[in-house]
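Reader: I would like to learn how to read a pair of packed helices. Where do I start?

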Amino acid sequence: MPELRSWLDTLAAAQPQTDGRRITHFTDRDAELAAVDAGLPGMTPLTTLGVIAVRGDAALAFLHGQLSADLRAMTSGQTVLTAWCSPKGRVVFLLRVVVTDDGFRLLLPLDQIAACVKRLRLFVLRAAVEIEDRSAAEGVLLLRGLAANASLPETLCSGGTPELCWCVGSLRDIGEAWPTFAIAPCGEDAAALDAIRRGLPVLDHSLADEFLPQELNLDYLAGVSFEKGCYPGQEIVARVRFRGTVKRRLARLSGDPGTPAASGSRVCGVGSEQAVGTVLDCVRIADESVELLAVLRVDAEAIYLAGSPGSLLRRQPLPEPSATP
């Protein structure tokens with residue numbers, strides 16, 4: 001595709017460095033991580049995300065009945081991190097919804113796109129809804145720290161705030177917009193560190209159907225509603241809210257285990273090899289230091305990554321509920 005080649009050529013001019021799967025950084029990884037520390041602007045091509053377009057007269061009603069968030073009050077330019085759940089109330093797909101003028105864009109990892117499209121189409125029946133995988137034609141830019149009065153190209157769909165904004169558009173339009181932003185490029189390591197500090201979880205396909213929405217803090221992020229009508233798994237999710245307690249929650253941790261932890265790695269308690277948590281994402285910030293998000297037992301205290309019992313992990317603060325788009 002000429003649009004894809006043009007977009008790749010545009011990125012190549014910025015000297016991207018990859019790990020074979022994603023753009024980890026551009027010319028200076030340490031400087032990009034330091035920019036996150038300093039709260040400086042950055043723009044990241046999210047090359048590991050795919051795009052699903054949901055359009056049609058019944059698109060809102062359809063998605064409102066499938067996802068855990070309440071989409072009815074959202075308007076074009078808004079976004080929410082939400083879930084499609086199994087009948088057990090566990091999150092199968094953790095996805096970002098961007099409301100556009102012509103419907104919705106769903107953003108989630110590329111390796112989950114086909115399964116998500118297939119699952120959603122099972123429930124369309126005769127509804128006036130079109131569900132299309134747009135991953136080969138559309139890309140995603142994450143913009144951090146825009147000026148409050150910044151205007152985005154009309155060719156791009158966007159959702160979020162000047163502080164954190166997801167832009168979706170054709171590869172040609174993304175490529176043309178890239179050099180117009182007066183923002184330093186940064187790789188997905190910096191974007192992941194920023195997401196960890198904001199408490200924005202990611203969910204690897206290997207962890208599908210493992211966690212309740214509340215365990216991923218989606219109730220703190222407006223990603224799950226307890227007032228809306230039915231959606232897959234709604235009864236279980238509501239029962240935990242009204243009749244039970246959430247024994248595991250999203251936690252931000254830091255430590256010096258020597259090597260980053262892969263998604264799905266265990267977090268253990270001192271004196272026992274029993275798992276008390278599961279790593280969702282992890283970023284190396286120095287030679288020995290990492291920061292990570294994990295789903296962790298709320299009563300867990302002295303903890304370490306499995307395989308690194310000599311290096312304790314420390315809990316770090318997360319933003320106040322609903323403080324992050």
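Author: We take a helix pair, then the loop after it. This is a predicted model, where local features need pLDDT of at least 70, side-chain atom pairs count only at pLDDT 80 or more, and totals for chains, interfaces and linings use all residues. Residues are numbered from 1 along each chain as its sequence is written, and side-chain values use heavy atoms, with hydrogens and water left out.

Reader: At what angle do α2 and α6 pack?

Author: Two packed helices are described by the angle between their axes and the distance between the axes. Here α2 (residues 29-38) and α6 (residues 188-198) pack at about 25°, with axes 9 Å apart. They are therefore roughly parallel (an angle under 35 degrees). Helices are DSSP runs of H or I, at least four residues, numbered from the N terminus.

Reader: Which residues make the contact?

Author: Contact means heavy atoms within 4.5 Å. R29, E32, L33, V36 and D37 of α2 meet D189, A190, L193, D194 and R197 of α6.

Reader: Is α6 enclosed or open?

Author: Buried means under 20% relative accessible area, with a 1.4 Å probe and protein chains only. Ten of the eleven residues of α6 are buried, so α6 is largely enclosed by the rest of the structure.

Reader: What follows α6?

Author: G199 does, and its phi is positive, near 75°.

Reader: Where is N217?

Author: N217 sits in the loop between α6 and α7. Its phi is positive, about 65°, although N217 is not a glycine. N217 is buried, with a relative accessible area of 8%.

Notes. Axes are lines fitted to C-alpha atoms, for helices over the stretch in contact, and angles run from 0 to 180 degrees between N-to-C directions. Helices (H or I, at least four residues) and strands (E, at least two) are DSSP runs, numbered from the N terminus. Angles under 35 degrees count as roughly parallel, over 145 as roughly antiparallel, 65 to 115 as roughly perpendicular and the rest as oblique. Buried means under 20% relative accessible area, exposed over 50%, partly exposed in between (1.4 Å probe, protein chains only).
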